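The sequence and the structure are shown first.

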Amino acid sequence: LACSQTAKPANQQSWQTQIQGGSRQSPIDIRSSESVHDPQLTPLSISYDPSDCLQIWNNGYSFLVEFDDSKDNSVVSGGPLENHYKLKQFHFHWGAENNRGSEHTINSLVYPAELHLVHWNAEKFRTFDEAIFSENGLAVIGVFLKLGRKHDGLQKLVNALPAVKYKDSTVEFSNFNPSCMIPSCLDYWTYPGSLTTPPQTESVTWVIMKKPIEFGDDQLSAFRSLLFTPFGEKLENMVDNFRQQQPLMNRVVRATIL
Ligand SMILES: NS(=O)(=O)c1ccc(O)c(NC(=O)NCCc2ccccn2)c1
Ligand SMILES: [Zn+2]
């Protein structure tokens, strides 16, 4: 195989922005036929406590629903994970139009939005900020959203969005259980990757659920009426907050056979 690989100039930059020397950047296009079925991949064990839900924060890139990670009540373990990881926040990525929005793609198929449930390895690290910069620091569950029936569980979140229209606004948000956004089919792909936004650190074990959840046009419109900009500045709708797919390089995507 080595002889068939053409030598690339060491300084060759991939045609997309990628951190200097990054070898495991996210998101990627998942080619299902090239994924490896791994019988040792068990189902994820996900348990969230709605009382850990604290607030929604518009950080000027997405809106984050933030959780109290001082206890051990909202955790994910099993599957490809060696330890248990605590839920810190979840957020979404979406497009200005329905033909774009997700960060990961499946055989080049794009979804209009993608949910990221962000967890950090509390057995190995003391804080989220430490975990972001560490190998096996984070586990992010990605769930695709497709347009269809209104998602009843999501409506509580949608109703709170006007209160965080502007960058740097927050609103108290409690008693929300993110389990309502996990598909009933627990099959997933998993691969080693990175944050998809700066600092794009290569600290993430990605778990991408194979089946999408459905949500309504009006709910997606509510996402699109958020603003990138703070109060008093030029209005810029928060849309197209997704990164382009990155080269797979020397990685294998594993798939469950549940
Ligand atoms: N999109 S993702 O990979 O799930 C992810 C998860 C946890 C994170 O902290 C981040 N990135 C993050 O918080 N960056 C600091 C704020 C920021 C800076 C620049 C662009 C977007 N967001 C991304
Ligand atoms: Zn994200």
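## Strand β7 and its partners

In this predicted model, strands β7 and β9 run antiparallel and are joined by nine bridges. Within this pairing, Gln89 lies opposite Val118 of β9. Strand β7 also pairs with β5 (residues 63–67), again in the antiparallel sense, through two bridges; here Val65 faces Phe90 of β7. A further antiparallel partner of β7 is strand β6 (residues 75–78), with two bridges between them and Val75 opposite Lys86.

Strands β6 and β7 form a hairpin with six residues between the strands, and Gly79 in this hairpin adopts a positive phi near 55°. Because nine of its ten residues are buried, β7 is largely enclosed by the rest of the structure.

## The zinc site

The zinc ion (ligand 2) is coordinated at 2.0 Å by three histidines: His91 and His93, each through NE2, and His116 through ND1. The donor residues follow the spacing H-x1-H-x22-H in sequence. Distant parts of the chain are linked by the pair His91 and His116, which are 25 residues apart: His91 belongs to strand β7 (residues 85–94) and His116 to strand β9 (residues 113–121).

Why is the arrangement around the zinc ion (ligand 2) described as tetrahedral? The four donor atoms subtend angles of 99 to 118°, and the assignment requires all angles to lie between 85 and 135 degrees. For comparison, the ideal angle for four tetrahedral donors is 109.5 degrees.

## Nonpolar cores

The largest nonpolar core comprises 43 residues. Phe63, Phe90, Phe92, Trp94, Ile141 and Leu157 have the most contacts inside this core. The element that gives the most to the core is β7, with five residues.

Leaving aside residues up to four places away in sequence, Phe63 touches a set of residues that includes Phe90, His91, Phe92 and Trp94. Other contacts of Phe63 include Ile56, Trp57, Leu157, Leu161, Phe223, Leu226 and Met238. One of the residues touched by Phe63, His91, is also a ligand of the zinc ion (ligand 2). Another core, of 21 residues, lies apart from the largest one; among its members are Trp120, Val140, Tyr191 and Trp206.

## Cysteines

How many disulfides does a search of the whole structure find? The search finds zero. For Cys53, the closest cysteine sulfur is that of Cys180, at 10 Å, which is too far for a bond; a disulfide would require the sulfur atoms to be within 2.5 Å. Cys185 is also in no disulfide, since the nearest cysteine sulfur, again that of Cys180, is 17 Å away.

Cys53 is buried, with a relative accessible area of 4%, whereas Cys185 is partly exposed, at 24%.

## Two loop residues

Ser134 is located in the loop between α1 (128–132) and β10 (138–147). At 15% relative accessibility, Ser134 is buried. Beyond residues up to four places away in sequence, Ser134 touches Phe125 and Ser203.

Pro199 occupies the loop between β12 (188–193) and β13 (204–209) and is partly exposed, with a relative accessible area of 39%. Although Pro199 and Ile132 are 67 residues apart in sequence, their C-alpha atoms are 8.8 Å apart in space.

Key. Residues are numbered from 1 along each chain as its sequence is written. Chains are lettered from A and ligands numbered from 1 in the order in which they are written. This is a predicted model: local features need pLDDT of at least 70, side-chain atom pairs count only at pLDDT 80 or more; totals for chains, interfaces and linings use all residues. Side-chain values use heavy atoms; hydrogens and water are left out. Buried means under 20% relative accessible area, exposed over 50%, partly exposed in between (1.4 Å probe, protein chains only). Donors are N, O and S atoms within 2.8 Å of the metal (3.2 Å for Na, K and Ca); water is not among the atoms, so sites may look incomplete. Four donors count as tetrahedral if all angles lie between 85 and 135 degrees; four count as square planar and six as octahedral if opposite donors are over 155 degrees apart and all others between 65 and 115; anything else is irregular. Helices (H or I, at least four residues) and strands (E, at least two) are DSSP runs, numbered from the N terminus. A nonpolar core is a set of buried Ala, Val, Leu, Ile, Met, Phe, Trp, Tyr and Cys residues joined through side-chain atoms within 4.5 Å. Contact means heavy atoms within 4.5 Å. Two strands pair if DSSP finds at least two bridges between them.
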